[in-house]
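Open the structure in your viewer and keep the selection tool at hand. Each stop below tells you what to select and what is there.

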Amino acid sequence: MMKNKLNLQDISFLYTIAIFGLSMVHISFALLGLGCYVGAVGFYLVNKDKTWCTKICPRASFLTKTLSKISLHKKLPKNLTHQKVKSFFVWYMGLNFFFASMSTLMVALGRIDGLLHVRLFMAFQAPFTLPQLLSLQLPEFLTHFSYRIYSMTLSSTLIGLVLGVFYAPRIWCAVCPVNTLSVVKKHATS
Ligand code: SF4
């Protein structure tokens with residue numbers, strides 16, 4: 001009997017868990033979160049297909065694993081997948097990256113102090129602090145950047161979880177900037 005080929009997405013949820021779990025050991029592990037963004041864009045640019053989304057994406061894997069048994073599968077409001085909503089998330093993630101990068105540069109240049117805590121949805125200080133089990137002093141700009149990447153990853157994961165509980169585990173994919181941008185690029189090149 002032929003064995004089913006392993007789909008990396010069956011286990012890649014562990015990567016998402018590792019990002020959040022290891023960030024409690026030391027915030028620098030949050031930089032693993034960059035792998036999700038770089039991987040998605042890199043795979044798309046190289047393969048020009050959805051290999052990342054269908055076979056690898058740790059976020060989609062995590063949402064599927066955590067929500068498949070509890071999602072309420074409510075009827076999807078039409079507005080949720082409207083182009084304006086998708087564009088909002090493209091801008092939201094783009095601005096997030098921009099502010100994270102620019103503020104890191106400013107911290108590195110000594111112009112501003114690092115923001116060494118988690119912020120949710122760019123604006124709100126999280127009502128918790130991450131335990132840091134490993135006391136390792138890194139340059140302030142790197143710690144700042146790690147907290148920014150952690151904040152982005154946590155915020156977007158929370159949005160995915162909330163949407164997923166109501167509608168479908170992977171409903172986040174419908175508004176995910178990677179999806180939106182890859183569709184736009186495909187149309188532009190076809
Ligand atoms: S659309 Fe976004 S969240 Fe969904 S599989 Fe692709 S990269 Fe992952």
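Predicted model: local features only at pLDDT ≥ 70, side-chain atom pairs only at ≥ 80, totals over all residues.

**Stop 1: the ligand**

Select the ligand, which sits in the largest pocket. Which residues are around the ligand? They are Trp-52, Cys-53, Cys-57, Ala-60, Arg-170, Trp-172, Cys-173, Cys-176, Val-178 and Asn-179. Sorted by class, this shell has 8 nonpolar, 1 polar and 1 charged residues. Now colour helix H3 (51-56), helix H7 (172-175) and helix H8 (177-189); each of these supplies at least two residues of the shell.

**Stop 2: helix H4**

Next, select residues 58-67, which form helix H4. This helix is mostly covered, with 7 of its 10 residues buried. The buried ones are Pro-58, Arg-59, Ala-60, Ser-61, Phe-62, Leu-63 and Leu-67. Ala-60 was also in the list of residues around the ligand. To see what covers the buried residues of H4, show helix H1 (13-22), helix H2 (34-47), H3, H6 and H7, which are included in the cover.

**Stop 3**

Select residues 140-166, helix H6, and find Ser-156 in it. Is Ser-156 buried or exposed? Its relative accessible area is 0%, under the 20% cut-off, so Ser-156 counts as buried. The side chain of Ser-156 reaches the backbone oxygen of Met-152 at 2.9 Å. Leaving out residues up to four places away in sequence, Ser-156 touches Tyr-37, Arg-59, Met-93 and Trp-172.

**Stop 4**

Most residues other than glycine have a negative phi. The last two selections have a positive one.

Select Lys-48, in the loop between H2 and H3. Lys-48 is not a glycine, yet its phi is positive, at about 55°. Its relative accessibility is 51%, over the 50% cut-off, so Lys-48 counts as exposed.

Finally, select Phe-121, in the loop between strand E1 (119-120) and strand E2 (124-125). Phi of Phe-121 is also positive, near 50°. Phe-121 is partly exposed, because its relative accessible area of 32% lies between the cut-offs of 20% and 50%.

Technical notes: Residues numbered from 1 in each chain as written. Heavy atoms only, no water. Helix = DSSP H or I, 4+ residues; strand = E, 2+ residues; numbered from the N terminus. Buried < 20%, exposed > 50% of the residue type's maximum accessible area, 1.4 Å probe, protein only. Polar contact = N/O pair within 3.5 Å; in protein donor to acceptor, adjacent residues only side chain to side chain. Contact = heavy atoms within 4.5 Å. Near = heavy atom within 4 Å. 1 Å grid on protein atoms, 1.4 Å probe; cavity = no way out; pocket = protein on both sides within 12 Å on 5 of 7 lines; lining within 4 Å. Sits in = over half its atoms within 2 Å of the grid points. Nonpolar A, V, L, I, M, F, W, Y, C, P; charged D, E, K, R; others polar.
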